[in-house]
Amino acid sequence: MSKKFIYKYLSEKELKSISAKISEIEKSTSGELVITIKEKRGWLEKTKSVRLLAEKEFVSAKIGKTKGSTGILIFMLFALSGRSICAR
């Protein structure tokens, strides 16, 4: 995903605010929050469920290996099968 993509939806100020909020939450809990944003599915991912894509991301980001296994993934996929989310 290009950095330009996320700036279509969020400003630099909003991204910094989200980052600060995540840091604040992580200080008060044992959980580690990880946000993954995908603009669209890859060519080989077209037939895979969103859950399977999220599970793959969870493993590749090693979220399950956090201290105490307290990792939390927030997975956002902006386009599903070439159609917008709103069209579903």
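A residue counts as buried when its relative accessible area is under 20%, as exposed when that area is over 50%, and as partly exposed in between (1.4 Å probe, protein chains only). By this definition, both Lys38 and Glu45 are buried.

The structure is a predicted model, in which local features need pLDDT of at least 70 and side-chain atom pairs count only at pLDDT 80 or more, while totals for chains, interfaces and linings use all residues. Residues are numbered from 1 along each chain as its sequence is written, and side-chain values use heavy atoms, with hydrogens and water left out.

The protein chain has 88 residues, and 23% of them count as buried. Its secondary structure comprises 3 helices and 4 strands. Helices (H or I, at least four residues) and strands (E, at least two) are DSSP runs, numbered from the N terminus. Along the sequence the order is α-α-β-α-β-β-β.

The interior was examined next. A nonpolar core is a set of buried Ala, Val, Leu, Ile, Met, Phe, Trp, Tyr and Cys residues joined through side-chain atoms within 4.5 Å. The largest such core has 7 residues: Val34, Leu53, Ala54, Ile63, Leu73, Phe75 and Leu77. Two elements, α3 and β2, each give two or more residues to this core. Strand β2 gives the most, with 3 residues. In soluble globular proteins, nonpolar side chains tend to be buried together.

Patches are made of residues with over 30% relative accessible area and no salt bridge; like charges are joined within 9 Å, and nonpolar side chains (Val, Leu, Ile, Met, Phe, Trp, Tyr) within 5 Å. Accessible areas come from the Shrake-Rupley method with a 1.4 Å probe, and for residues only the protein chains shown count as cover. Ile18, Ile35, Ile72, Ile74 and Met76 make a nonpolar surface patch of about 360 Å². Strand β2 (residues 71-77) supplies the largest share of the patch, 3 residues. Ile74 is found in this strand. Its relative accessible area is 37%, so Ile74 is partly exposed.

Met76 also takes part in a contact across the sequence. The C-alpha atoms of Met76 and Thr36 are separated by 6.2 Å, although the two residues are 40 residues apart along the chain. Thr36 is found in strand β1. Thr36 is buried because its relative accessible area is 11%.

The loop between α3 and β2 holds Thr66. Thr66 counts as buried, at 10% relative accessibility. With 56% relative accessibility, Lys62 counts as exposed. Lys62 has a positive phi of about 55° although it is not a glycine.

Charged side chains were then considered. A salt bridge is a side-chain nitrogen of Lys or Arg within 4 Å of a carboxyl oxygen of Asp or Glu. The structure holds 4 salt bridges. Side chains of opposite charge can pair when their charged atoms come close. One of the bridges joins Glu24 and Lys21, with the closest N and O atoms 3.5 Å apart. The two residues are 3 residues apart in helix α2 (residues 12-28), so about one helical turn separates them. Glu24 is partly exposed, with a relative accessible area of 46%. Lys21 is partly exposed too, at 43%.

The side chains of Glu45 and Lys38 meet in a salt bridge at 2.9 Å, N to O. Those of Glu45 and Lys56 meet in another, at 3.8 Å, N to O. This second pair links distant parts of the chain: Glu45 is in the loop between β1 and α3, and Lys56 is in helix α3, 11 residues apart.

Arg41 is found in the loop between β1 (32-38) and α3. Arg41 is buried yet has no salt bridge; Glu45, the nearest side chain of opposite charge, is 6.8 Å away. For charge, Lys and Arg count as positive and Asp and Glu as negative; His and the chain ends are not counted. The side chain of Arg41 does meet backbone oxygens. One of its polar atoms lies 3.2 Å from the backbone oxygen of Glu45. The backbone oxygen of Lys48 lies 2.2 Å from a polar atom of the Arg41 side chain.

Conventions
Polar contact = N/O pair within 3.5 Å; in protein donor to acceptor, adjacent residues only side chain to side chain.
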